[in-house]
Amino acid sequence: MTNENRHSTLQFTAAGSDAAALSDTDILMPIADTASSEHGPLSVKDHKRHVWPWAVLASVFIVMAAACGFGVWFFQSHVLPGTTLWGNSVTGKTQQEIADTINDQVKHTTVTAKYQGKSAKFTLESLGVDVDGDAIASDVFNAKRGDVWWQQYAFWITKDIAPEINAKLANGSVVDKALDIDAKEPVNAQVKLNDAGDAFTVVAGQNGQGADASNIAAQAISSLKSLGATQPRTVTVTLDVTEPTVTDAIANDAKSTLDTIAGKNVSIKVAGTDIATVTVPMLASSMSVNANQQATLKSGETRNGYVVFDSAKLQQYYNDQIKPSLKLEREDTKLVVNNAGEVISTETEGHDGVVIADGADTGVGTKLADALASGSNSITVAGTVDPKQEVKVTHHVVIDLSDRKLYAYENDQVVRTLNVAVAQGNDMTTGECVGLMCTPTGDFTIWQKLPSQDMSGSLTLADGSVEKWDVKDVGFVNYFSHGGCAIHRIAGGYTADASMPYVANGSHGCVGIGWDVAEWFYNWCGMGTSVHVQV
């Protein structure tokens, strides 16, 4: 039968009622006839021999891909391969499982301690050794997650998390009480404000005498670090000098931390403008010293070394001390200058106009606590600021000897006119110098100020005569001449400004003003004020 006939037969048979009776050979034969190799047509077995290796490889690839995908998915919520805690493998455990293991060990692993026939059981928790299991578990869970992706899953690349737990933090007084030990309790060192309230100082601690609890704690810590694989041994208590939990060294370390923070002037910013800074009193009101850097922090607390900050206390300080001082309307800084433009004084410090957005400052305490722990320089609060401007006002004095007046100027406006009495050599009407002792004319600058002075001295005049004086308690003295001439409260008893026109010139060169205006002028006329004396 030819190929053509076989094809025809196959088609005819498949169309007939006996199609189901055809064998595999009958059906496959035409196909086999159409494929060939250099050795002749390929059989069905030849096809299977070529196909099965590829099918196996595909299956292996699918299985491996599925396994890798499952592994990646699994380790999203479990500790990565190669991670150890205190040398113990914790691969594949969840963060919560690790935290529960640590917390359970701290609370329930007991150490038996004996002293003179008495015994008691202690845990790290009862000894006051606080261990933050949640924080440690978080460190373990994230141990390799910052590595290159393939290293995260490489079990042969290991990373051990081994937080130190200090057995010396154990509270010996707990052991003293439980075993009826007559002890002298140690006193913790303190970090507190100095008397001036502008810096921190350390108050030294005091050693005590009693049970050495560190050996008991060391047994519990050893069991904890084995994750329960080893059991603690019984400890025989010995008495020794006991250090306070907060030693002088820890207190000084905490003071150094606080000094560094205070020196940074951590600021509260609104719209990019500093509206307040964290002061030493603010730090003191919100901080405490905790010798255990592994201790569990309470809600709202942050830690920087041995110093713990309380966000609620920071918020309270802000609410009580800072917020009330903020002003909605700005007030410009007013600088007093002389005729040369030199700043004499700051008359008004001024302030920005600050508007805090509704509710924006309710989280100031939390933000500050985070900043103080992380070392940030500032926090930001939503709002607007109208910055204060700098305004300069010129103060200068003109003394007219002819009309015996002193004119106090702010810029070009006379703000006050005072009556004066001048030197005995100045004519009462013209002001001209007609004697041997006169008030000098020209331009001067206030170079010395004294609230009170006993004035005495002598002067040899041009005619050879000697003039002497000795006057007690001359008030509100403003020297303008380096020759010794000053503007001051007139000597000789109380004389009001209104009475000064009736007082004759009689000084040795000074300018006398009324008692009722002398203090005002002393406060208004700052060091460096320009003085012009004219006839």
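User: How many residues does helix α9 have, and what does it reach from its first C-alpha to its last?
Analyst: Helix α9 spans residues 248-264, so by the DSSP run rule (H or I, at least four residues, numbered from the N terminus) it is a helix. It has 17 residues and reaches 24 Å, close to the 24 Å expected at 1.5 Å a residue. The expected span is 1.5 Å times one less than the number of residues. This is a predicted model: local features need pLDDT of at least 70, side-chain atom pairs need 80 or more, and totals for chains, interfaces and linings use all residues. Numbering starts from 1 along each chain as its sequence is written, and side-chain values use heavy atoms, without hydrogens and water.

User: Which residues of α9 are buried?
Analyst: Ile250, Ala251, Ala254, Thr257, Leu258, Ile261 and Ala262. Buried is under 20% relative accessible area, exposed over 50%, partly exposed in between (1.4 Å probe, protein chains only).

User: Why are they on the same side of α9?
Analyst: Because they cover an arc of only 135 degrees around the axis. The arc uses directions from the helix axis to the C-beta atoms. On the other side, Ala249 and Gly263 are exposed.

User: New topic. What is the order of the strands in the open sheet?
Analyst: β13-β15-β14, with antiparallel pairing. Strands are DSSP E runs of at least two residues; two pair if DSSP finds at least two bridges between them. The edge strands are β13 (287-289) and β14 (301-304).

User: How many bridges join β13 to β15?
Analyst: Three. One partner pair is valine 289 with valine 307 in β15.

User: Which strands does α9 touch?
Analyst: β13, β14 and β15. Contact means heavy atoms within 4.5 Å.

Technical notes:
Axes are lines fitted to C-alpha atoms, for helices over the stretch in contact, and angles run from 0 to 180 degrees between N-to-C directions.
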